[in-house]
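The sequence and structure are shown first.

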Amino acid sequence: MKDEIFSVLQRVGRSFMLPVAVLPIAGILLGIGASFTNPTTIKTYGLEAIFGNGTLLGGLLTIMASAGNTIFGNLPIIFAVGVAIGMAKAEREVAALAAMISFFVMHSACNAMLKLNGQILTDGTIAPGVLEGTIASSCGIMSYQMGVFGGIIVGIGVAYLHNKFHKIVLPNALSFFGGSRFVPIISTVVYLFVGIALYFVWPLAQQGIFALGSLVTGTGYIGTLIFGIIKRALIPFGLHHVFYLPFWQTGVGGSMMIDGQLVQGGQNIFFAQLASPNVTHFSADATRYFSGEFIFMIFGLPGAALAMYRCAKPSKKAAAKGLLLSAALTSMLTGITEPIEFSFLFVAPALFGVQVILAGAAYMIAHMLNIAVGLTFSGGLLDLFIFGILQGEAKTNWMYIIPVGILYFFLYYFIFTWMIKKFDFKTPGREDDDEETKLYTKADYQAKKADGSPASKKAVEDAKSSMIARGLGSKRNITSVDCCATRLRCSVADSSLVNEKILKATGAVGVIVKGTGVQVIYGPQVAVIKANLETYLETAPEVEPELNATAEEAKPEAKAEPAVKEAPVQTAEHILCSPVAGDVHPITEAPDEAFASKMMGDGFFVYPTDETVYAPADGEVVFVFDTKHAIGMKAADGTEYLLHIGVDTVNLGGKGFEVFVKAGQKVRKGDKLMHFDDAYIKEHAKSDACLVIFTGLQEGQSVTMAKSGKVEALAEVAKF
């Protein structure tokens, strides 16, 4: 049950990231626009001639502020659509349309109920005696002030209906309305009644929200400390979005009347004050949920990075420097802390415990010092400049961040240094075994070696996506793919097939498996990784070429790493035969970087002079690619290998290939496996090289060529 709840919360949390991603541009538009159209600011700095009324820049900035304000004013429907897209498993555009329709229907139904019961008068005004702020306009519809909660209710519900009914088959007479067309229909009906139900339920929910908000705000600085600690402690589980968003966007984070309007949620209050010309100092009670982040994101964690670098072994300092410097700059500039936090989270959880306490205290210290600097996404230098420095010390007290931040830098540096040395934590650069270091940098190394051509880049991207798919247990084990700011968030059918070692080989700094939810932490580049993986999965095989070897390692009973590492390398010599006649070469000369660099494994290849592929040894066919260009094999002695005919032949869609075997079929040495049209491949693909890749070699094993030049099919050409 706990794992299922975690999986659901993970999907909800990652679905928040799409609408949250809109906030930075909205905040920048509003922040810059409001800063330089504020009469006090213009007068103070003597900028009337540049930004005053009637100037071109003044008009442009007014438009920018208006555009940003509009986004923040319509966050409920943005969340409704964004959450539906994030949680839908397929045909997400349909879920988005259904969510928008449902949002209007829900609020319209609620509006009608309010009118029928006299809380909204016939002229559209709110009746006397209605608690101020409880009824407001949502996209022009007067309804209960549900804020972002209303959007989330719609987004989650519509996504559930969409996933349940988007493949529904109706009777022939109604078949036109089946499938995805049924989703907006059922959503409209459901949310008509949801709107009616909310008329009775929401007032109670609203009281609960206000009570929770009062509990947090009523505990003062201690409440801020508890909030900060909980938020940071949830980072490893990826559930921090679910926790903090209500404080940012709803009445849980407090309420305030600004220019005659009731505004709820800490972030909403800040931006409403930012747009108001009447505010002399932003509310620190509203910004208590994020102002402290600037202290440890810009100063504290870089101090931790310096400590880890200084504690690294001399032989590994160069490698650690690149990793830690990149992570520290990411934290400072963007406020994305996961790359640096995950560099020590798994190897030294005690250090993460220190980070949680210090970070939680930073929220409280900022609150105590009346620091009121807003943000859109996270506490980096960009947000500090726009929402702190540009707004002025008088409104934000931003200068206090600098002395406190310097203190935090040294606190992190000295505490981390002492603990790393005292307890011999294996932080980056201090590993006993350098295997993980090599795995971590392998994908980056391959990317750097790419020659820059589209074909080469695609080969590296596909190879990386293939490794990720293997690490997740293959395409058939992956049920959904998504990402947040730094994590690839996937759901799998069987979590025992997840192989963390393979996933870390693709450049991940951490892997979290909880129930059927898997989070792979890559850092800010994760959106590109996700897009490449989704594209790859569209045509990927159901089972990845190397899956059979690695899946066994992934199972709990086979995960005894020390036993695997200590096992002696097999000394028996394996003779390898050519599956096709032609000119044989070592794999390092392959006409494709992904194969030549042994990313997929060691082996050899043949430029064919014949068009028939034979089984080079007794064994079994493990799989046949849908596009017929490759066959996965397992020899009778357990050796696993991949026969890959041509380079980039996956793009041929099976044309030019005829396969004579199927998955699970037993074969004898010399049996025909495939026939291919060599002329067609040469004309339409990058190369006709026939590659033999051994995917299950143990550490220390490598393929040695015994022959080169022209060979006949089934001739002995190599050994390992």
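Strands β5 and β6 (residues 487-492) pair in the antiparallel sense over five bridges, where pairing requires that DSSP finds at least two bridges between two strands. Cys483 stands opposite Leu488 in β6. The model is a predicted one, in which local features need pLDDT of at least 70, side-chain atom pairs count only at pLDDT 80 or more, and totals for chains, interfaces and linings use all residues. Residues are numbered from 1 along each chain as its sequence is written, and side-chain values use heavy atoms, with hydrogens and water left out. Strands (E, at least two residues) and helices (H or I, at least four) are DSSP runs numbered from the N terminus.

The open sheet to which β5 and β6 belong has four strands in the order β5-β6-β8-β7, with antiparallel pairing. Because β5 (478-483) and β7 (510-514) each have a single partner strand, they stand at the edges, and one side of each is left without a neighbour in the sheet. On average, neighbouring strands of this sheet are turned by 15° against each other, direction ignored. Helix α25 (residues 526-539) lies across β5 and β6 and runs at about 150° to β5; angles run from 0 to 180 degrees between N-to-C directions, and axes are lines fitted to C-alpha atoms, for helices over the stretch in contact.

Five of the six residues of β14 are buried, that is, under 20% relative accessible area with a 1.4 Å probe and protein chains only. The pairings of β14 are listed below.

| Strands | Bridges and sense | Bridge partners |
|---|---|---|
| β13 (residues 619-624) and β14 | five bridges, antiparallel | Val621 and Met633 |

In the hairpin of β14 and β15, four residues lie between the strands, and Gly638 takes a positive phi near 95°.

The helix pair consists of α18 (residues 349-368) and α21 (residues 401-423), whose axes come within 11 Å and cross at roughly 165°. The two helices are therefore roughly antiparallel, a term for angles over 145 degrees. Residues of α18 including Leu351, Val354, Leu358 and Ile365 meet a set in α21 including Tyr408, Leu411, Phe416 and Met419, contact meaning heavy atoms within 4.5 Å. By class, the contact has 16 nonpolar, one polar and no charged residues; Ala, Val, Leu, Ile, Met, Phe, Trp, Tyr, Cys and Pro count as nonpolar, Asp, Glu, Lys and Arg as charged, and the others, Gly among them, as polar.

Methods
Angles under 35 degrees count as roughly parallel, over 145 as roughly antiparallel, 65 to 115 as roughly perpendicular and the rest as oblique. Buried means under 20% relative accessible area, exposed over 50%, partly exposed in between (1.4 Å probe, protein chains only).
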